Amino acid sequence: MELDASTVAALWGAVILSGVYHGVNPGMGWPLAVSAGLMEGRHGALAKAIGALAFGHLLAMLAILLPFSMMTALVRWETELRVGAGALVIAAGLYLLINRRHPRFLARVSPSRLVLWSFLAAMAHGAGLMLVPIYLGICGADLGDGGHEAARDLMGQNIASAFAVALAHTFAMTLAGGVIAAAIYFWLGLKFLSRTWFNLDLVWALSLILVGAFGIYLALYGH
């Protein structure tokens, strides 16, 4: 099944928008970048921290997406896998909706280990899972009777797509989070942060449910 242009645009738009959304969410770590810059008293520390958070987030996205990209079963059971992935994302959203506590183990990770912290935070919050239904939609294809050679070709394309999705998403996340961190560090200050920021945990959980439902709808009624 070939993707039409509007579906491709919508799916890649979702990759970018989810990245912006993750970047805006303080749970993905930009306050730690502000803290690093203020504690060390130099601009370079802010940029270094943002880079570390971005790298950890990218690793988390790839850790989730790459196993799906290497599944030959994706060829034969595409619809079933996409529905299952959507249901898994909905389940993660419902869990976070019921259990509103911030993962305690993150508090035991040293703030200096930002790559590890970012990786674990993305995993714990289901950030990578959010991308799975979108990614599987991008990879949607029908091999017909192409056989093993065609399956290997598709797998290679899917691995490349996994890297492209993870990189595009992480770039959007880094840009959004970096802009907020820089604005607070250089101009707005911590008082602005304490007075104006709001908790996104509820929005995060609901967004997982929405993305999961969107993935199931695309699998059953989309391209």
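Buried means under 20% relative accessible area, exposed means over 50%, and partly exposed is in between, with a 1.4 Å probe and protein chains only. I start my notebook with that definition because Val 15, at 0% relative accessibility, counts as buried.

**Entry 1. Ground rules**

I note that this is a predicted model, in which local features need pLDDT of at least 70, side-chain atom pairs count only at pLDDT 80 or more, and totals for chains, interfaces and linings use all residues. Residues are numbered from 1 along each chain as its sequence is written, and side-chain values use heavy atoms, with hydrogens and water left out.

**Entry 2. Overall make-up**

I looked up the secondary structure and found nine helices and zero strands. Helices (H or I, at least four residues) and strands (E, at least two) are DSSP runs, numbered from the N terminus. Read from the N terminus, the order of elements is α-α-α-α-α-α-α-α-α.

I then looked up burial: of the 223 residues, 46% count as buried. The protein exposes about 11,400 Å², and 68% of that comes from carbon and sulfur atoms. These accessible areas come from the Shrake-Rupley method with a 1.4 Å probe; for residues, only the protein chains shown count as cover.

Next came contacts, where contact means heavy atoms within 4.5 Å. Among contacts with a separation of 6 or more, 86% are between residues 24 or more positions apart.

**Entry 3. Val 15**

I placed Val 15 in helix α1. What does Val 15 contact, leaving aside its neighbours within four places in sequence? I listed Leu 131, Ile 134, Ile 138, Val 165, Ala 168 and His 169. I also checked Val 15 against Leu 167: they are 152 residues apart in sequence, and their C-alpha atoms are 9.8 Å apart in space.

Is Gly 19 buried or exposed? Gly 19 counts as buried because its relative accessibility is 0%. Not counting residues up to four places away in sequence, Gly 19 touches His 169, Ala 172 and Met 173. From Gly 19 to Leu 131 I read 9.5 Å, C-alpha to C-alpha, for two residues 112 apart in sequence.

Met 173 counts as buried, since its relative accessibility is 6%. With residues up to four places away not counted, Met 173 touches Gly 19, Val 20, His 22, Gly 23, Leu 53, Ala 54 and His 57. The C-alpha atoms of Met 173 and Ile 16 are separated by 8.1 Å, and these residues are 157 apart along the chain.

**Entry 4. Ser 118**

Ser 118 is buried, because its relative accessible area is 2%. Which backbone atom does the side chain of Ser 118 reach? It is the backbone nitrogen of His 57, at 3.2 Å. A polar contact is a pair of N or O atoms within 3.5 Å; within protein, one must be able to donate a hydrogen and the other to accept it, and residues adjacent in sequence count only if both atoms are side-chain atoms. Beyond four places in sequence, Ser 118 touches Ala 52, Leu 53, Gly 56 and His 57.

**Entry 5. The core**

A nonpolar core is a set of buried Ala, Val, Leu, Ile, Met, Phe, Trp, Tyr and Cys residues joined through side-chain atoms within 4.5 Å. The largest one here has 53 residues, and Leu 65, Ile 134 and Tyr 135 have the most contacts inside it. At least two residues each come from α1 (5-24), α2 (30-40), α3 (43-69), α5 (78-98), α6, α7 (127-138), α8 and α9 (201-221). The largest share, 13 residues, is from α3.

I listed the contacts of Tyr 135, apart from residues up to four places away: Leu 65, Phe 68, Ser 69, Asn 158, Ile 159, Ser 161, Ala 162 and Val 165.

**Entry 6. The surface**

How many salt bridges does the structure hold? I found one. A salt bridge is a side-chain nitrogen of Lys or Arg within 4 Å of a carboxyl oxygen of Asp or Glu. Here the side chains of Arg 42 and Glu 40 meet (2.8 Å, N to O). Arg 42 is partly exposed at 43% relative accessible area, and Glu 40 is partly exposed at 47%.
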